[in-house]
Amino acid sequence: MTRSSAFLACLALVFSGCAAAGTAKKASPVEWGFSFHAVPAFDVGDDGSTSVHPLAGYNYLNYDGGHDNIYQLGGQLRRSMVDSPVWYGGEFAYDRFTSSTDGATESELSWNGFNLGGLIGYELDTSFARSSVFGSLSRIQFFGTGGFDGWGGWLFKVGYEVQPDLFNR
């Protein structure tokens, strides 16, 4: 998937639910950055406490001398706690990782992989739309290609999301 088509896919879902987060990747060394994710909500079950969220996302991570990009396509499953604004869930996504060194003449390095992790959030009391603050921790694993070894690490996000109730009317 090209960068522009991934960006357009995310942009198309922004109006149905989006999240912005501060992001950190721990492989070696720690990298810091930001992320944007489209995560529209589809309630399942009779009580509305469980929801499925398709996921399309972009993570930008800066390091001394360059930057990394992680593009994600996957999903989340979430469950609200009874009589509480707290929710928890899990996430699984296909990841495309690219790394670019500033001023380099060679092409950027890239790997395919996945992430699997958990998330927890707190639903805020807002009148305009369902919104939450959240945190997530995922194990990321990338596979080697073209003579490069695979590698793994951790992806940590803390952020804010808005979930307009477009699909559950």
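Guide: We can start with the overall make-up, then turn to one residue, and then to the spaces inside. Keep in mind that this is a predicted model.

Visitor: What share of the residues is buried?
Guide: Of the 169 residues in the protein chain, 39% are buried. As for the accessible surface, it comes to about 9200 Å², and carbon and sulfur atoms account for 63% of that.

Visitor: Switching topic: where is Asn 59 found?
Guide: Asn 59 is in strand 4, which covers residues 50-63.

Visitor: Is Asn 59 buried or exposed?
Guide: Asn 59 is buried, because its relative accessible area is 0%, and the cut-off for buried is under 20%.

Visitor: Which side chain does the Asn 59 side chain make a polar contact with?
Guide: That of Gln 72, at 3.1 Å.

Visitor: What else is Asn 59 in contact with?
Guide: Setting aside neighbours within four places in sequence, the contacts of Asn 59 include Thr 23, Phe 34, His 37, Asp 68, Leu 155 and Lys 157.

Visitor: Now the spaces. How much space lies in the largest cavity?
Guide: About 80 Å³. The count of cavities of 30 Å³ or more comes to 1.

Visitor: Which residues line the largest cavity?
Guide: Among them are His 37 and Lys 157, both also in contact with Asn 59. Others in the lining include Gln 76, Arg 78, Phe 134 and Glu 161. Strand 5, strand 8 and strand 9 each supply at least two lining residues. By class, the lining has 5 nonpolar, 3 polar and 4 charged residues.

Visitor: And how much space is in the second largest pocket?
Guide: About 190 Å³. Its lining has 15 residues, and Asp 43, Ser 51, Ser 80, Glu 123 and Arg 130 are the closest to its centre. Strand 4, strand 5 (66-80), strand 8 (130-143) and strand 9 (151-163) each give two or more residues to that lining.

Visitor: How do the residues of that pocket's lining divide?
Guide: Into 1 nonpolar, 8 polar and 6 charged.

Conventions:
Residues numbered from 1 in each chain as written. Predicted model: local features only at pLDDT ≥ 70, side-chain atom pairs only at ≥ 80, totals over all residues. Heavy atoms only, no water. Buried < 20%, exposed > 50% of the residue type's maximum accessible area, 1.4 Å probe, protein only. Areas by Shrake-Rupley, 256 points an atom, 1.4 Å probe, with all protein chains shown as cover. Helix = DSSP H or I, 4+ residues; strand = E, 2+ residues; numbered from the N terminus. Polar contact = N/O pair within 3.5 Å; in protein donor to acceptor, adjacent residues only side chain to side chain. Contact = heavy atoms within 4.5 Å. 1 Å grid on protein atoms, 1.4 Å probe; cavity = no way out; pocket = protein on both sides within 12 Å on 5 of 7 lines; lining within 4 Å. Points joined across faces, edges and corners; volume = space filled by probe spheres on them. Nonpolar A, V, L, I, M, F, W, Y, C, P; charged D, E, K, R; others polar.
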